[in-house]
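Here is a short briefing on one protein structure. Look over the sequence and the fold before reading on.

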Amino acid sequence: MNKTIETILNHRSIRKYNNTPLSDEQIDALVQSAQAASTSSFIQAYSIIGVKDPAKKKKLAELAGNQPYVEENGHLFVFCADLHRHEILGTMEEVKVTDSLESTETFMVSLIDVALAAQNLVIAAESMGLGTCYIGGIRNNLEGVEEVLDIPKRVIPLFGLTVGYPAHESSQKPRLPKAHIYHEERYEQDEEKYKKELEAYNEVTSSYYKERTDGKREDTWTAQMANMLHTPKRTYMKEYIEKKGFSNK
């Protein structure tokens, strides 16, 4: 155990911040931390857009489902899969790169690069005593987000990340049992064992919600996930991704 691991294990989403903006020095340190993440084949297929303008934050909060903490935070980062610069470098080097840029493999590389960079930034922020929260809601209306942030083709905003000084201490959601996440030598496929472990986890999550809401909520994880997955969300995504020049091959 060390301070880095303690920071990681103490992670929780913060959805209420005080009004103190991050300094430029803090933002620089966080972006540098994001850039220090591993990147497949040195491709660096991502960009980060920082948002300070209150009017833009307000509009993005509306697009994300009227989440107030998207508007009220120390700084808002928007993480994007980005192959725009790679299209430019193809022109610079007079090499045809379109087929590769539009491949599903390159699309997957860009998604992985974004996730690695974002999590580096989160750990760095939390090590500085700041709180964070990922905002998947910006994918509710990506064309609207594009308009607010002036985003070109071959760039897809994937999620937002709010960062700031916590105005409250939130509770930490219990994660799945290690046995469901970590497999050794082979993938565990004993379905009955899985169900028993999930039933035990349901008791943990139900107790967590019951305690957090003073008994107003006590749903289980499997019920919550089943209800969420029952109806597909953001079904425009495939068409949007292809229109942006990603994953066409």
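Predicted model: local features only at pLDDT ≥ 70, side-chain atom pairs only at ≥ 80, totals over all residues.

Residues are numbered from 1 along each chain as its sequence is written, and side-chain values use heavy atoms, leaving out hydrogens and water.

**Positive patch**
- Arg15, Lys173, Arg175 and Arg212 form a positive surface patch.
- Patch residues have over 30% relative accessible area and no salt bridge, and like charges are joined within 9 Å.
- A salt bridge here puts a side-chain nitrogen of Lys or Arg within 4 Å of a carboxyl oxygen of Asp or Glu.
- Lysine 173 sits in the loop between β4 (155–164) and α9 (178–181).
- Lysine 173 is partly exposed because its relative accessibility is 38% (buried is under 20%, exposed over 50%, partly exposed in between, with a 1.4 Å probe and protein chains only).

**Aspartate 82**
- Strand β2 (residues 75–82) contains aspartate 82; strands are DSSP runs of E, at least two residues, and helices runs of H or I, at least four.
- Aspartate 82 has 6% relative accessibility, so it counts as buried.
- Beyond its neighbours within four places in sequence, aspartate 82 contacts Ala45, Tyr46, Ser47, Arg154 and Val155 (contact: heavy atoms within 4.5 Å).
- Phenylalanine 246 is 164 residues from aspartate 82 in sequence, but 9.8 Å away in space, C-alpha to C-alpha.

**Asparagine 202**
- Asparagine 202 lies in helix α10 (residues 191–212).
- Its relative accessibility is 12%, so asparagine 202 counts as buried.
- Leaving aside neighbours within four places in sequence, asparagine 202 touches Thr220, Trp221 and Thr222.

Definitions and conventions: Patch = residues over 30% accessible without salt bridge, like charges linked within 9 Å, V, L, I, M, F, W, Y side chains within 5 Å. Areas by Shrake-Rupley, 256 points an atom, 1.4 Å probe, with all protein chains shown as cover. Lys, Arg positive; Asp, Glu negative; His and termini not counted. Charge placed at Lys NZ, Arg CZ, Asp CG, Glu CD.
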